[in-house]
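Please examine the model shown below alongside the explanation that follows it.

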Amino acid sequence: MKSCSYAIPPHRQFRTGPEPGAGVPVPAGGFRFVKLSGMRKDYIDAVLQLTGLIPPGRVLAYGDVAEMINDGGPRQVGSVMSHYGDQVPWWRVLRTSGHPAEGHGERALAHYRAEATPLRGKTTGQDASWRVDIQRARWQPDEQGWQEIDRIADSLAPREQKMSEPDDLMES
């Protein structure tokens, strides 16, 4: 597989100003990328663009995102979000259980409270145990939203699928 460009991970960036992704679905100048190997750039763009469409107070599971763009799976979406999610409202994509990304609970909770995202459980104290009520918070796109999602999914380059070649040891 060819090398492609990826966004700079949050822990390697120095920045000031408001939280990235707050109120800006897709940066006007595009996403920031750094050279890495692995996933296709168009896939990363698609995941980030779809994440930018999720309205405040709503969420999608990693698998929902993969299903909507008809490519990859929850792990691939999680990988994109873990490396490049700081460019979009990352807290709106989470596990199917409603739990935020590992190690980001406090930051995510502040966003969920600010956006009035439906939560379950106790959010304060030493015994805090909470999660997003994904049944109530899951984003259900309207017709215009689905059209935009389809546009994003259609922008993905067709994947090269290579069938194995029969060799002399294989019987016909």
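Predicted model: local features only at pLDDT ≥ 70, side-chain atom pairs only at ≥ 80, totals over all residues.

Residues are numbered from 1 along each chain as its sequence is written, and side-chain values use heavy atoms, with hydrogens and water left out.

Helices (H or I, at least four residues) and strands (E, at least two) are DSSP runs numbered from the N terminus. Helix α1 (residues 41-53) packs against helix α6 (residues 143-154) at an angle of about 170°, with the axes 9 Å apart; axes are lines fitted to C-alpha atoms, for helices over the stretch in contact, and angles run from 0 to 180 degrees between N-to-C directions. The two helices are therefore roughly antiparallel, a term for angles over 145 degrees. From α1, the residues A46, Q49, L50 and L53 meet E148, I149, R151 and I152 of α6.

Side chains of opposite charge can pair when their charged atoms come close. A salt bridge here is a side-chain nitrogen of Lys or Arg within 4 Å of a carboxyl oxygen of Asp or Glu, and the count comes to nine. One of these joins R92 to E115, at 2.6 Å from N to O. This pair links distant parts of the chain, with R92 in the loop between α3 and β4 (93-94) and E115 in helix α4, 23 residues apart. Both R92 and E115 are buried, that is, under 20% relative accessible area, whereas exposed means over 50% and partly exposed lies in between (1.4 Å probe, protein chains only).

Other pairs have different surroundings. E102 bridges to R95, with the closest N and O atoms 3.0 Å apart; E102 is exposed because its relative accessibility is 66%, while R95, at 31%, is partly exposed. R136 and D133 meet at 3.6 Å, N to O. R40, D42 and D71 are linked in a network of salt bridges.

Most residues other than glycine have a negative phi. N70, in the loop between α2 (62-69) and α3 (74-84), has a positive phi of about 55° and is exposed at 65% relative accessibility. A116, in the loop between α4 (105-115) and β5 (119-122), also has a positive phi, near 55°, and is exposed at 62%.

T117 is found in the loop between α4 and β5, yet T117 is buried at 6% relative accessibility. Leaving aside neighbours within four places in sequence, T117 contacts G57, V59, Y112, V132 and A137, contact meaning heavy atoms within 4.5 Å.

Conventions: Parallel < 35°, antiparallel > 145°, perpendicular 65-115°, else oblique.
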